[in-house]
Amino acid sequence: MTELHSTSVGPPVAHHFEDFEQEHEANMLGMWAFLATEVLFFGAVFVAFYIYRSAYADIFKEASRHLYMSIGAINTVVLLTSSLTVALAVHAGEHKARRLMVGLMVATLVLGLAFLGFKAFEYYLDYQEHLVPAFNFAWEGANPAQTQLFFVFYFIMTLVHALHMIIGISVLARMIWQARRGSYDQDSTAVELFGLYWHFVDIVWIFLFPTLYLLRQ
Amino acid sequence: MSATAPALKIREPSYINAAYTAKSWLLTTDHKRIGLLYMVAITFFFFVGGLAATVVRLELLTPQGDLVLPETYNKLFTVHGVIMVFFFLIPSIPTTLGNFLVPIMIGARDMAFPRLNLASWYIFMVGALFAIVALIGGGVDTGWTFYTPYSTGFSNTQVIPMAIGILIAGFSSIFTGLNIIITVHKMRAPGMTWFRLPLFIWSMYATSLIMVLATPVLAMTLVLIAVERTFHVGIFDPALGGDPLLFQHLFWFYSHPAVYIMILPGMAVVSELITCFSRKPIFGYKFIAFSSIAIAVFGFLVWGHHMFVSGQSIYSSLIFSSISFAVAIPSAIKVFNWTATLYKGSISWDTPMLYALGFIGLFTIGGLTGLFLATLPVDVHVTDTYFVVAHFHYIMVGSAVLAYLGGIHFWWPKISGRMYPEWWGKVSAITIFLGFNLTFFPQFIAGYQGMPRRYYAYAPEYQVMNVLSTAGASILAIGYVLPLIYLIWSMREGEVASDNPWGATGLEWQTESPPPTFNFAETPIVTAEPYQYNPDGTFTPQTTLSVRQIKKEVAA
Amino acid sequence: MTQQTSQPTSERTAHQAPALRTYYLIFLALMLLLALTVAVSFVDLGAFNELIALAIAAVKAVLVILFFMHVRYSSRLTWVFAAAGFVWLLIMVGWTFSDYLSRGWMR
């Protein structure tokens, strides 16, 4: 849609921008503003969780012990590694190394899928242990209602996070296709923007992991 | 100096005449056309919400419930609230006038993200579709606040489609706000420093801050509501360990700042109108500019004053009550500065000015009664009475809608290229002002005497006030229909407008009426502060130069 | 689309980004912090468990934001944008908890 026009230096820019610098900064700031909304989107459910956790500390700790901390930890490693690969991909993009960039993007994609795979496996184990509220929740111990509350939040938080992963992976798949054709050779802003988003999703998990899995003592 | 630079105007086809096909409108990325798309959509919703209000007022003509069933009445006031808040007031000025004016006022060719801008309109329409489906499917009876546990456990109405519709429309609001913020930061023309920005822009920026930072919380809250209602898992249900007050905290974290999403744009418009029609520079530019930001920030700290009787901690209530008074300070700063601008001004009584003056009066009443409600013991007395209803209608209808209409009239020549009929404009402004006061002032009295809100029947001693109110509503309805008719009429039949019919200083008046697709033939250079009006009618426009002219002169 | 032989922009953007070595060091730090936070979760420190777990998460997040997301090398405006969401989140946390902590709902 928007026609591009050329300026004296740098790649072509969309019609309404003066130069590449302006377009680049606008795009980056736009993503940061979007991430600020995401902070509050996730923040709301974190606040709700911590309100109930403060009220039912012991019950929530007991419930937390029923999660698979090992899978959570492995997934943290996977996601942090994918953050590294995406940061390196951005770096490669800035240095015009197309092949390297595509390779790192593929690595990020694979790690993202691995995360989802582990997560799905973990959900399956949770299901087998009758820990899925509204489907097969059954709790032998005391305070089943409050315990269920923990698992409701566990599923909402991890599913919303996983949804963000799925969106990220879909976008990334399309971007790899574009990158192979050289679409980002002149201007790798899109890869940078994707990197910001991906790092943010990683940060959410950095907080989710201790919140759900580690607060058990 | 009152001349504008001819170099800024090269007769290109205007944005309206650039293309005529439906596709050219529905796939446009021109911020001006998107503003008009929004205007059509929200005008529709304004009249849908108004229709529900009409039936409510008719029902309340008599103390008995004789027109509609109690269940229907609950749905009517819910529909009125949901539609007016989420599908009219929140998008009203930011998406129409904001979309249209922000890039032009700062000398940009478009918003920073034109495609996102168009996407936001489609997202809004999808959200609106869900809302309409919810209405056709039987409506919602929870009130616009969706309080739990009623909304999640007991109501048999279409809560989920409505919640999804609001959630989706919320994203359109986030994207509009994001676009405005980045546009103001990154797209300003050379010479347009922060303190040369029109006050409209400052207020729009403050509004956008709220949209971007508050709306996501509402989105998550609605997700939680939908999950609880679908799966009966008790997130806010006390029977299952939840706390209904947590819902209220999350809901009002958005919905109180949302009040400022509705009123700040009104202040944005009025700041432009008052100075232009007083032919005086605005009094206290920086105070008005920073008070907008202060309102946006303070607005986030006071949500608990909606929960004084909910059972929240009394200590919290005390804090929320005292901070609520603090919001009055920046609001009062604005009112004082507007009045100081009027003082010894050379005032003309054109339609936009009538609307702006009406705004100041109604906003003052609405704001001062807000102080009553911020006062903890008084609020306990009048909670859930018509006093509250009257208060927020003075702000959200009296102020916000008057400012919206004032802005539409003021910029109508720029938007349509035609003048509206001045006589009819004045008639509508005065009709709305009188009708509004007759509708809502009696509600203060009925409320203070103890008439509760949200009931389809009431004690007979309140009937006098209610008859007055309903009579006022019928006058108000005429006042609203008038502009709809004569503005549409004027698009074809109105007198052709000059580029700057008001002799105003802003950049939008230095280009053509209506502007070309990219707003200016050449990027303007801003050479002056805003609002340099002189009492004799002359003025200094914010630009008399363009980038190309400068380059030519340097080359010469 | 206008085709154009463009100047390499790497010079302009390169100075805004850290050296490759920095990325690996940060990654290493993140892994160590992860190991630390998991280790601490096996020790009963009372209320300090929560505090340490969240503090470590915050440090990790700050490292990602400053280095992987380049905020350390970005304009002041980017700092403000990056901080805004978290500041507003603190408002929500602070004001909401002010009610719960003084209400006696949490036993």
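Domain bounds, as the word is used here, come from an automatic or database domain assignment. On that basis chain C is divided into domain 1, covering 1-74, and domain 2, covering 75-107. The contact between them takes six residues from domain 1 of chain C and six residues from domain 2 of chain C. It should be kept in mind throughout that this is a predicted model.

The area buried between domain 1 and domain 2 of chain C is about 420 Å², and carbon and sulfur atoms give 77% of that area. On the side of domain 1 of chain C, Ile65(C), Val71(C) and Ser74(C) lose the most area to domain 2 of chain C, and together they make up 83% of what that side buries. The residues of this side of domain 1 divide into four nonpolar, one polar and one charged. Between the two domains of chain C the rule finds zero salt bridges, while the count of residue pairs in polar contact, with both residues at pLDDT 80 or more, is one.

## Where chain C meets chain A

The size of an interface is often given as the accessible area lost when the parts come together. For chain C and chain A this buried area is about 5100 Å², of which carbon and sulfur atoms give 75%, and the contact involves 56 residues of chain C and 58 residues of chain A.

How many salt bridges does the rule find across the interface of chain C and chain A? The rule finds one, and in this salt bridge the side chains of Glu50(C) and Arg53(A) meet at 2.9 Å, taken from N to O. Of the side of chain C that touches chain A, H4(C) gives the most, with 13 residues. When the residues of this side of chain C are sorted by kind, they divide into 36 nonpolar, 15 polar and five charged.

## Where chain C meets chain B

Chain C also touches chain B, with 14 residues of chain C in contact with 25 residues of chain B. The two chains bury about 1700 Å² between them, and 73% of this lies on carbon and sulfur atoms. In chain C, the residues that lose the most area to chain B are Trp88(C), Met92(C) and Trp95(C), which together account for 38% of what that side buries.

Across the interface of chain C and chain B the rule finds one salt bridge, which Asp243(B) forms with Arg103(C), the closest N and O atoms being 3.4 Å apart. The residues of the side of chain C that touches chain B divide into eight nonpolar, four polar and two charged. Across this interface of chain C and chain B the rule also finds nine residue pairs in polar contact, counted with both residues at pLDDT 80 or more.

## Backbone features in chain B

Most residues other than glycine have a negative phi, and most peptide bonds are trans. In chain B, however, the peptide bond from Thr148(B) to Pro149(B) is cis, with omega near -5 degrees, and Pro149(B) has its place in the loop between helix H5 (114-136) and helix H6 (150-154). The peptide bond from Ser513(B) to Pro514(B) is likewise cis, with omega near -15 degrees, and Pro514(B) is in the loop between helix H16 (463-493) and strand E1 (524-526) of chain B.

Asn519(B) is also placed in the loop between H16 and E1 of chain B, and phi of Asn519(B) is near 75 degrees, a positive value in a residue other than glycine. Arg279(B), in the loop between helix H9 (244-278) and helix H10 (285-298) of chain B, has a positive phi as well, near 50 degrees.

Why does Arg279(B) count as buried? Arg279(B) counts as buried because its relative accessibility is 9%, and the cut-off for this word is under 20%. Asn519(B) counts as buried because its relative accessibility is 0%.

Thr385(B), found in the loop between helix H13 (376-382) and helix H14 (386-416) of chain B, is buried too, with a relative accessible area of 5%. Leaving aside residues up to four places away in sequence, Thr385(B) touches Gly447(B), Met451(B), Pro452(B) and Arg453(B).

Methods. Residues are numbered from 1 along each chain as its sequence is written. Chains are lettered from A and ligands numbered from 1 in the order in which they are written. This is a predicted model: local features need pLDDT of at least 70, side-chain atom pairs count only at pLDDT 80 or more; totals for chains, interfaces and linings use all residues. Side-chain values use heavy atoms; hydrogens and water are left out. Helices (H or I, at least four residues) and strands (E, at least two) are DSSP runs, numbered from the N terminus. Buried means under 20% relative accessible area, exposed over 50%, partly exposed in between (1.4 Å probe, protein chains only). Contact means heavy atoms within 4.5 Å. Buried area is the accessible area (1.4 Å probe) that two parts lose on being put together, summed over both. A salt bridge is a side-chain nitrogen of Lys or Arg within 4 Å of a carboxyl oxygen of Asp or Glu. Ala, Val, Leu, Ile, Met, Phe, Trp, Tyr, Cys and Pro count as nonpolar, Asp, Glu, Lys and Arg as charged, and the others, Gly among them, as polar. A polar contact is a pair of N or O atoms within 3.5 Å; within protein, one must be able to donate a hydrogen and the other to accept it, and residues adjacent in sequence count only if both atoms are side-chain atoms.
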